[in-house]
Amino acid sequence: SGINPVPSVKTISLPPGICCPHLVTIRGGVHKPGEYPLRQGMTLMAVIARAGGLPPKVKKVEILRDKKEVIYDIRQIRPDGSNNPVLKDGDEVIVPD
């Protein structure tokens with residue numbers, strides 16, 4: 001009967017970040033608060049830089065992940081970035097005003 005019971009599926013590849021981007025949110029005392037596309041390996045300091053940096057007096061920021069708060073003292077992040085936290089989809093970074 002002319003009906004093919006096996007559907008034809010075509011797979012296409014898109015560059016990372018094109019479809020359904022994962023997001024992190026940064027709010028509070030940054031110049032450009034909002035949602036930012038999460039790139040693989042994106043760190044806390046990278047998203048802060050994208051949001052325009054921190055006010056001079058800010059020493060600690062908070063990451064809210066899965067309803068848990070973790071506070072980071074940004075003065076303790078090493079220049080080599082070895083302890084710069086990697087962000088995950090849905091993270092919210094809160095910077096004091």
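User: Where is Gly 29 found?

Analyst: Gly 29 sits in the loop between β1 and β2 (34–37); strands (E, at least two residues) and helices (H or I, at least four) are DSSP runs, numbered from the N terminus. This is a predicted model, where local features need pLDDT of at least 70, side-chain atom pairs count only at pLDDT 80 or more, and totals for chains, interfaces and linings use all residues. Residues are numbered from 1 along each chain as its sequence is written, and side-chain values use heavy atoms, with hydrogens and water left out.

User: Is Gly 29 buried or exposed?

Analyst: Gly 29 counts as buried because its relative accessibility is 14%. Buried means under 20% relative accessible area, exposed over 50%, partly exposed in between (1.4 Å probe, protein chains only).

User: What is Gly 29 in contact with, leaving aside neighbours within four places in sequence?

Analyst: Gly 53, Pro 55, Val 95, Pro 96 and Asp 97, where contact means heavy atoms within 4.5 Å. Pro 96 is 67 residues from Gly 29 in sequence, yet their C-alpha atoms are 5.4 Å apart.

User: New topic. What order do the elements run in?

Analyst: From the N terminus, β-β-α-β-β-β, which comes to one helix and five strands.

User: And which residues have the most contacts inside the largest nonpolar core?

Analyst: Ile 26, Val 47 and Val 93, in a core of 18 residues. Such a core is a set of buried Ala, Val, Leu, Ile, Met, Phe, Trp, Tyr and Cys residues joined through side-chain atoms within 4.5 Å.

User: Which element gives the most to this core?

Analyst: α1, with three residues.
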